[in-house]
Amino acid sequence: MTRGQFIRRIGKPVLWMACLTPVIIMVYDGFTGGLSANPIEDITHRTGTTALVLLLVTLGVSPIKRWTAIGALIALRRPLGLFAFFYGTLHFLTYLVLDQFFAWGFIVEDIMDRPYITVGFTALVLLIPLAVTSTKGWIKRLGAKRWNTLHRLVYLSAAGGVLHFLWLVKADTRKPIVFGVILVGLLATRLQRRSGRKRSVPAQSRPATLEAAAGSE
Amino acid sequence: MLIKRASDIKASEITPEHLYLSRRRFIGGTAALGVVATARVSAPWAFGDSTDARVESGRQDDEKLTSFDDVTTYNNFYEFGTGKGDPARNAHTLVPNPWSVTVEGECHKPGEYDLDDLLRGITTEERIYRLRCVEAWSMVIPWEGFSLNRLLPRFEPSSNARFVEFTTLYAPEQMPGQGRNVLEWPYVEGLRMDEAMHPLAIFATGLYGRPLPNQNGAPFRLVVPWKYGFKSIKSIVRIRFTASQPRNSWNIAAPREYGFYSNVNPEVDHPRWSQARERRIGQFFKRRTLMFNGYADEVAHLYEGMDLRVNF
């Protein structure tokens with residue numbers, strides 16, 4: 001088995017199981033009294049934190065791929081990104097259904113008047129076009145260059161997620177700040193790469209496959 | 001309106017064991033989506049000074065006691081960590097006995113008092129109060145306690161005593177959360193003298209008929225039910241009578257968000273979230289927050305003429 005085959009045949013399923021674990025634990029805890037006395041708040045926090053963590057991990061795939069020179073790792077980025085979107089959606093649905101129970105007036109007011117919700121909602125909405133265009137078909141339709149440009153929105157979304165977290169805590173800013181520092185670090189690797197690339201792009205290093213082209217950010 | 005003494009409580013009003021020993025069954029609870037609360041009649045609101053004027057209080061329907069389990073495992077007590085479950089997990093290192101309280105400031109009988117001596121001769125009674133957190137969740141808790149106005153006069157506050165300030169224990173070896181300055185330690189709070197002397201304001205030494213668990217502020221705490229929960233300072237070691245308004249910890253941490261008076265007020269939002277509604281722990285649907293947490297009849301007069309938006 002080649003390394004690429006290993007990642008696709010074994011790495012991906014393992015990744016799926018790992019990404020599904022948080023929601024499985026939530027359901028289990030829900031049935032066994034393992035959630036806090038405010039279970040809606042508990043689920044909201046767990047889904048939100050998981051979404052943000054997965055978003056940061058997604059942003060970590062390309063740097064790790066470059067440092068390890070294991071190009072096949074790029075195959076893990078799409079499922080990770082989609083799971084981040086999955087948990088972000090669960091987070092929003094928890095708010096919509098369990099917390100507010102479809103109280104549209106309060107929901108609209110929240111999104112418009114509470115900056116931390118405005119920025120959080122925006123961060124989620126930004127992920128929608130990315131989730132929709134995550135397939136190979138869409139990379140082809142848009143072309144690698146336009147696809148890459150569109151998917152730069154993920155940085156904005158991650159920043160929105162960190163701000164959302166920072167603006168909702170009462171006083172304990174430790175976790176949001178850690179996430180923020182990690183995000184800044186991940187962004188720094190891109191900037192570093194961009195300034196390095198401006199010098200020259202020799203013919204041999206041009207990407208051979210569509211996915212690799214899309215993964216060149 | 002009755003003071004509930006043990007003999008007065010009907011068997012039907014005693015919280016069934018399963019309620020206060022029960023674990024939360026969230027999915028089971030919401031399986032009955034659309035069914036609000038319970039048919040069980042809650043114990044009437046009971047408070048007042050046992051010797052003098054009995055203060056009337058309206059009773060809300062469908063308000064039942066929050067389970068003992070929830071009351072003792074969902075806490076904001078940053079001295080033991082900032083997670084809601086942290087105090088229950090970590091507060092075992094607190095040593096609530098022996099405990100002394102230092103009384104100082106504008107009074108004629110200052111001193112360091114052993115808590116047992118202070119409480120000798122004071123009979124506690126059950127006070128069932130709503131507790132509304134500034135985070136927009138709330139509980140109904142059967143405290144064991146007594147009005148401040150039964151204890152404070154003992155220290156003979158002078159005419160200069162316009163406020164009273166309370167301080168929590170500072171002991172990082174007992175309270176590991178104090179190793180981080182997430183808030184400035186020790187925790188301080190304060191009341192205007194007329195608020196402190198109001199019969200509704202109590203010192204609590206127990207809940208559900210048992211001594212205060214550590215995570216609920218053992219051995220001796222304040223409960224001021226018409227204000228946001230952070231005013232109900234826990235594990236008190238100092239009482240100081242002051243002429244000027246004391247500082248309070250959440251106001252120090254975020255002066256634009258937390259004031260001194262902090263009366264529960266659905267019309268004055270927190271800068272970052274609404275205060276119009278709250279989640280009653282154990283219930284699915286949110287409920288409207290009440291002015292002064294439902295104690296307006298008893299305490300609104302204390303704030304006549306005050307702009308509660310300015311004095312938030």
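This is a predicted model: local features need pLDDT of at least 70, side-chain atom pairs count only at pLDDT 80 or more; totals for chains, interfaces and linings use all residues.
In strand β7 of chain B, Gly206(B) is the bridge partner of Glu144(B).

The pairing of β4(B) with β7(B), which covers residues 202-207, is antiparallel and is made over five bridges. A further partner of β4(B) is β3(B): these two strands also run antiparallel, joined by eight bridges. Strand β11(B), residues 277-280, pairs with β4(B) in the parallel sense, over two bridges. Here Trp137(B) stands opposite Arg279(B) of β11(B).

How much of β4(B) is covered? Ten of the eleven residues of β4(B) are buried, so the strand is mostly covered, a residue being called buried when 20 or more other C-beta atoms lie within 10 Å of its own. Strand β3(B), residues 125-132, is largely enclosed by the rest of the structure, because seven of its eight residues are buried.

The turn between these two strands deserves a look of its own. The hairpin of β3(B) and β4(B) has four residues between the strands, and among them Ala136(B) takes a positive phi near 80°. Ala136(B) is not a glycine, and most residues other than glycine have a negative phi. Ala136(B) counts as partly exposed because it has 18 C-beta neighbours inside 10 Å.

The largest nonpolar core contains 64 residues, and Ile141(B) and Ile202(B) have the most contacts inside it. Strand β4(B), residues 137-147, gives the largest share of this core, namely six residues. Leaving aside residues up to four places away in sequence, Ile141(B) touches Thr66(B), Val71(B), Tyr129(B), Leu131(B) and Leu207(B).

One of the pairs sets Thr102(B) against Glu112(B) in β2(B).

A cis peptide bond links Asn97(B) to Pro98(B), with omega about 5°, and Pro98(B) sits in the loop between α4(B) and β1(B). Another cis bond runs from Trp185(B) to Pro186(B), where omega is near -5°; Pro186(B) is in the loop between β5(B) and β6(B). Most peptide bonds, by comparison, are trans. Ser235(B), in the loop between β9(B) and β10(B), has a positive phi near 50° although it is a residue other than glycine. Ser235(B) counts as buried because 26 C-beta neighbours lie inside 10 Å.

Turning to chain A, how are α1(A) and α2(A) arranged? The two helices pack at an angle of about 175°, and their axes are 11 Å apart. That angle makes α1(A) roughly antiparallel to α2(A). Cys19(A), Pro22(A), Met26(A) and Gly30(A) of α1(A) meet Pro39(A), Ile43(A), Arg46(A), Thr50(A) and Leu54(A) of α2(A). The residues of this contact comprise six nonpolar, two polar and one charged. Gly34(A) lies in the loop between α1(A) and α2(A). With 15 other C-beta atoms within 10 Å, Gly34(A) is partly exposed. Beyond residues up to four places away in sequence, Gly34(A) touches Tyr28(A) and Asp29(A).

Finally, the two chains meet: 20 residues of chain B are in contact with 14 residues of chain A. On the chain B side, α2(B), residues 26-31, and α3(B), residues 68-73, each supply at least two of the touching residues. The residues on this side of chain B divide into ten nonpolar, three polar and seven charged.

Notes:
Residues are numbered from 1 along each chain as its sequence is written. Chains are lettered from A and ligands numbered from 1 in the order in which they are written. A residue is buried if 20 or more other C-beta atoms lie within 10 Å of its own, exposed if 12 or fewer, and partly exposed in between; C-beta atoms are placed from the backbone. Two residues are in contact if their C-beta atoms, placed from the backbone, lie within 7 Å. A nonpolar core is a set of buried Ala, Val, Leu, Ile, Met, Phe, Trp, Tyr and Cys residues joined through C-beta atoms within 7 Å. Ala, Val, Leu, Ile, Met, Phe, Trp, Tyr, Cys and Pro count as nonpolar, Asp, Glu, Lys and Arg as charged, and the others, Gly among them, as polar. Two strands pair if DSSP finds at least two bridges between them. Axes are lines fitted to C-alpha atoms, for helices over the stretch in contact, and angles run from 0 to 180 degrees between N-to-C directions. Angles under 35 degrees count as roughly parallel, over 145 as roughly antiparallel, 65 to 115 as roughly perpendicular and the rest as oblique.
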